[in-house]
Amino acid sequence: MRWEDFRRSDNVEDRRGDPGYSGGGGAGLGVGGGHLGLGAVVVLGLIGWMLGINPAVLIGGAEMVNGLRSGGNTQRAPAPSQTAQTGAPTDQMGQFVAAVLAENEDVWSDVLPAQKGVAYVKPKLVLYSGSTRSGCGGASASMGPFYCPNDQKVYLDTSFFSDMKRRLGGGGDFAYAYVISHEIGHHIQNLLGILPRVQQAQMRAADAGDKAQSNALSVRVELMADCLAGVWAANAQKKYQILQPGDVEKAISTAQAIGDDRLQQESKGYVVPDSFTHGSAAQRVQWLNTGLQSGQVDACNTFAR
């Protein structure tokens with residue numbers, strides 16, 4: 001992928017190496033208090049490690065969702081008192097992330113108003129090492145990249161990219177850009193009002209004891225984010241010619257590797273479709289391709305199919 005000539009976004013908050021943000025004492029994710037079964041914790045943890053996050057966190061934070069399900073009180077994690085470095089980092093990985101974020105800003109600032117009549121509000125992207133705090137509670141590298149709607153920030157420990165290459169056999173600049181743009185896709189969903197509506201629907205499903213329905217909603221949210229990553233890439237390619245031979249194939253290979261069916265088969269030896277939270281390998285490839293081929297936000301309406 002051609003990214004070296006992109007401008008660099010200043011909306012990067014670099015907490016890497018800052019002991020004030022990492023280590024013990026941070027607010028953890030309340031999976032235990034939310035009465036998640038052991039199997040769900042294992043599957044969600046593995047999926048979150050590979051890509052994204054526990055879907056409860058994506059739509060408001062596991063602490064908030066699990067607390068509401070159990071009737072408990074919820075609190076946001078306190079904001080750290082230290083000031084992180086803001087602006088484009090100077091190291092190569094930081095430069096890459098800032099460039100991809102800038103390209104998302106430039107594309108979505110045009111596409112979202114033109115296609116949906118909604119102004120694009122630029123999110124912050126937080127780089128961290130090991131663990132940090134977010135508006136959705138504690139964040140750790142094991143969770144993978146994620147978007148927190150409470151503070152409208154994307155959280156990324158860039159060691160994920162090394163793990164992604166080593167353990168998934170994936171990698172490559174466009175595959176990494178796909179991961180970042182998937183999280184920006186959740187921000188688009190938030191701006192469109194989709195995440196709050198899904199959260200309410202999941203609460204109703206939880207109250208009715210319909211876990212399969214709650215999972216199905218999570219799948220639709222994740223597949224739409226895959227599609228929106230494709231919409232970004234299609235429009236970036238049209239305007240800036242960012243893609244090189246093999247880029248799309250690498251992104252598709254990554255989407256296949258992180259399908260729920262692939263991950264469950266590897267971790268458990270069998271597949272339970274009702275427990276899917278991100279979608280099967282075929283579904284993830286399908287929706288990424290839908291975005292790539294259409295370049296249209298409306299083509300990504302996974303809730304209508």
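Trainee: What makes Cys-136 and Cys-148 a disulfide?

Mentor: The distance does. A disulfide is a pair of cysteine sulfur atoms within 2.5 Å. Cys-136 and Cys-148 have an S to S distance of 2.2 Å, so the pair falls within the 2.5 Å limit. Keep in mind that this is a predicted model, where local features need pLDDT of at least 70, side-chain atom pairs count only at pLDDT 80 or more, and totals for chains, interfaces and linings use all residues. Residues are numbered from 1 along each chain as its sequence is written, and side-chain values use heavy atoms, with hydrogens and water left out.

Trainee: Why is the disulfide of Cys-136 and Cys-148 called right-handed?

Mentor: The torsion about its S-S bond is about 95 degrees, so the disulfide is right-handed.

Trainee: What parts does the pair of Cys-136 and Cys-148 tie together?

Mentor: Cys-136 lies in the loop between β4 (131-134) and β5 (137-140), and Cys-148 in strand β6 (residues 146-148), so the tied parts are 12 residues apart in sequence. Helices (H or I, at least four residues) and strands (E, at least two) are DSSP runs, numbered from the N terminus. The protein chain has 11 helices and seven strands.

Trainee: Why is Cys-136 called buried?

Mentor: Buried means under 20% relative accessible area, exposed over 50%, and partly exposed in between (1.4 Å probe, protein chains only). Cys-136 has 4%, so it counts as buried. Cys-148 is at 0%, so it is buried as well. Of the 305 residues of the protein chain, 54% count as buried.

Trainee: How do you know that Cys-227 and Cys-300 are joined?

Mentor: By the S to S rule again. Their sulfurs are 2.0 Å apart, so they form a disulfide. The torsion about this S-S bond is about -75 degrees, so the disulfide is left-handed. Cys-227 lies in helix α8 (residues 211-240) and Cys-300 in the segment after α11 (281-294), so the pair ties together parts 73 residues apart in sequence. Both Cys-227 and Cys-300 are buried.

Trainee: How many disulfides does the rule give, and what is the pairing?

Mentor: The count comes to two. With the bonded cysteines numbered in sequence order, the pairing is 1-2, 3-4.

Trainee: What makes α8 and α11 neighbours in contact?

Mentor: Contact means heavy atoms within 4.5 Å. Residues of α8, including Leu-223, Cys-227 and Val-231, meet residues of α11, among them Trp-287, Leu-288 and Leu-292. By class, this contact has nine nonpolar, four polar and two charged residues. Ala, Val, Leu, Ile, Met, Phe, Trp, Tyr, Cys and Pro count as nonpolar, Asp, Glu, Lys and Arg as charged, and the others, Gly among them, as polar.

Trainee: Where is Val-107, and what does Val-107 touch?

Mentor: Val-107 sits in helix α4 (residues 92-116). Not counting residues up to four places away in sequence, Val-107 touches Trp-232, Asn-235, Ala-236 and Tyr-240. The C-alpha atoms of Val-107 and Ala-234 are separated by 9.7 Å, though these residues are 127 apart along the chain.

Trainee: Why is Val-107 called buried?

Mentor: Its relative accessible area is 4%, so Val-107 is under the 20% limit and is buried.

Trainee: Which residues do ring pairs link into a cluster?

Mentor: Trp-3, Phe-96, Phe-160, Phe-161 and Tyr-176. Rings of Phe, Tyr and Trp (its six-membered ring) pair if their centres lie within 6.5 Å; planes under 30 degrees apart count as stacked, over 60 as edge-to-face and the rest as tilted. The count comes to five aromatic pairs.
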